[in-house]
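Thanks for coming, everyone. Please have the structure open.

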Amino acid sequence: MKNILVTGANGQLGQSLKQLAGNYPEFNLLFTDYEDLDITDAAALDAYFAGQQIDACINCAAYTAVDKAESDEDKAFLLNFQAVLSLAEVCTRYNAQLIHISTDYVFSGKQNVPYSEQDDTDPESIYGASKVRGEAAALGYNPSTIVIRTSWLYSEFAVNFVKRMKELMQERQELTVVFDQTGTPTYAGDLAKAILDILTFRFANPDTEIGGIYHYSNEGVTSWYDFAVTIKELTGATTTITPVTSDKYKTAAKRPAYSVLNKEKIKTTFGIQIPYWKDSLSKLLAK
C-alpha cells in the first residue's frame with residue numbers, strides 16, 4: 001500500500017479526493033490541512049516525512065483569494081511559491097512523487113485558441129504570478145514533479161460558482177453574469193479521479209519519465225453567463241439572467257478573458273478520458 005499525503009484537505013479538491021479514497025484501496029491517503037501540517041514550515045514538513053513513509057504528495061493547498069492577493073502579495077507568494085519549493089525539496093529528499101495543482105490564471109487570456117503546456121505564461125494578477133513561481137520552483141528543483149493546471153473548479157464542497165449561483169437563484173428574481181470571459185468548468189470529482197489514476201500509472205511504471213506540466217479541465221467551452229444559464233436550466237430556477245461585460249464588475253485582480261486549456265497531453269500520456277462539462281454538472285446537481 002502506498003502512503004499519499006494530501007495537503008489542503010479541506011478545500012474542494014481535497015474533499016473530492018476523500019470522497020474517492022475508497023475506490024483506490026492500494027492507496028492510504030493521509031489528509032492534512034494547515035491545522036495538521038503547516039507547509040510553509042520546512043522543518044515541520046521534514047519532521048512529517050521523517051515520521052511517515054510518504055510515497056507521493058498531492059498538493060491541493062494554495063492561496064486562492066484572487067482579489068485579496070493583490071493587496072496580500074507576501075502571503076500569496078508564501079503559500080503558492082515558497083511552500084511549494086519546500087514541498088519539492090522534501091519530496092525529493094524522501095523520494096516521493098509530487099503532484100502540484102496550478103491554474104489557468106498563469107495565462108493572460110489574450111489568446112483565442114486553447115492554451116497548451118508549451119505556451120508562454122504571462123499572468124496579469126498577483127495570484128497568477130505566484131502560481132507561475134510555484135510551478136517553476138517545483139519543476140526547477142525536481143523535474144519529476146507533475147504540475148496540473150486546471151480551471152473554473154466547482155464541487156459540492158466549499159465556496160464555488162455553482163453553489164453560489166444556486167443560492168442566488170433562490171434569493172433573487174434577476175441576476176447579471178459576465179459573458180466575455182471564456183473557459184471550461186471543471187468538476188473537482190473528475191480532477192480528483194484523474195490525479196489518482198495518474199498516481200496509479202506512476203507506480204505501475206516507475207521507470208517512465210512523466211514529470212512536467214499537464215492541463216486538465218472538463219471538455220468543452222463556455223462563458224460564465226452560459227454556465228449560469230445551464231445551472232438555471234438544470235435546477236429548474238426561474239431567475240432572469242442577463243449577460244454583461246466584465247467592466248460592469250470591477251475587481252482588484254484581472255481575470256483571463258480566455259483560458260480554455262488544451263488537454264491532449266494528459267489524455268495521451270495517461271489514457272485519461274475526460275467528461276464533457278455539462279454532463280459532469282448535470283450529475284453533480286442530480287445528487
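Start at Arg 164. Arg 164 is partly exposed, at a relative accessible area of 37%. One caution before I go on: this is a predicted model.

Who is the partner of Arg 164 in a salt bridge? Glu 167, with N to O at 3.2 Å. Glu 167 is partly exposed too, at 35% relative accessibility. Both residues sit in helix H5, three residues apart, which is about one turn of the helix. An α-helix has 3.6 residues a turn, so residues three or four places apart point the same way.

Now the wider count. How many salt bridges are there? The count is 11. Let me take two more of them.

First, Lys 110 with Glu 124. Their side chains meet in a salt bridge of 3.1 Å, N to O. Both residues are in the loop between strand E4, residues 97–103, and helix H4, residues 126–141, so this pair ties together parts 14 residues apart in sequence. Lys 110 is exposed, with a relative accessible area of 65%. Glu 124 is partly exposed, at 30%.

Next, Lys 248 with Asp 247. Their closest N and O atoms are 3.5 Å apart, and that pair is a salt bridge. Lys 248 is exposed at 58% relative accessible area. Asp 247 is partly exposed at 47%. There is also a network: salt bridges with shared partners join Lys 110, Glu 124 and Lys 254.

On to the cysteines. The cut-off for a pair is sulfur atoms within 2.5 Å.

Take Cys 57. Cys 57 is buried, with a relative accessible area of 0%.

Then Cys 60. The closest cysteine sulfur to its own is in Cys 57, 8.4 Å away, and that is too far for a bond. Cys 60 counts as buried, at 18% relative accessibility. The cut-off for buried is under 20%.

Back to the loop between E4 and H4. Ser 116 has its place there. Is Ser 116 buried or exposed? Buried, at a relative accessible area of 17%. What does Ser 116 touch, leaving aside neighbours within four places in sequence? Its contacts are Phe 107, Arg 149, His 215 and Asn 262.

Last stop, helix H9. H9 runs over residues 277–285. Its buried residues are Trp 277, Ser 280, Leu 281, Leu 284 and Leu 285. These residues cover an arc of only 130° around the axis, which puts them on the same side of H9.

What covers those buried residues? Several elements do. Among the helices are H5 at 161–171, H6 at 188–204 and H7 at 224–235. Among the strands are E6 at 153–154, E9 at 186–187 and E11 at 222–223. Note H5 in that list: Arg 164 and Glu 167, where we began, lie in H5.

That's my tour. Questions, please.

Notes
Residues are numbered from 1 along each chain as its sequence is written. This is a predicted model: local features need pLDDT of at least 70, side-chain atom pairs count only at pLDDT 80 or more; totals for chains, interfaces and linings use all residues. Side-chain values use heavy atoms; hydrogens and water are left out. Buried means under 20% relative accessible area, exposed over 50%, partly exposed in between (1.4 Å probe, protein chains only). Helices (H or I, at least four residues) and strands (E, at least two) are DSSP runs, numbered from the N terminus. The arc is that of the directions from the helix axis to the C-beta atoms. Contact means heavy atoms within 4.5 Å. A salt bridge is a side-chain nitrogen of Lys or Arg within 4 Å of a carboxyl oxygen of Asp or Glu.
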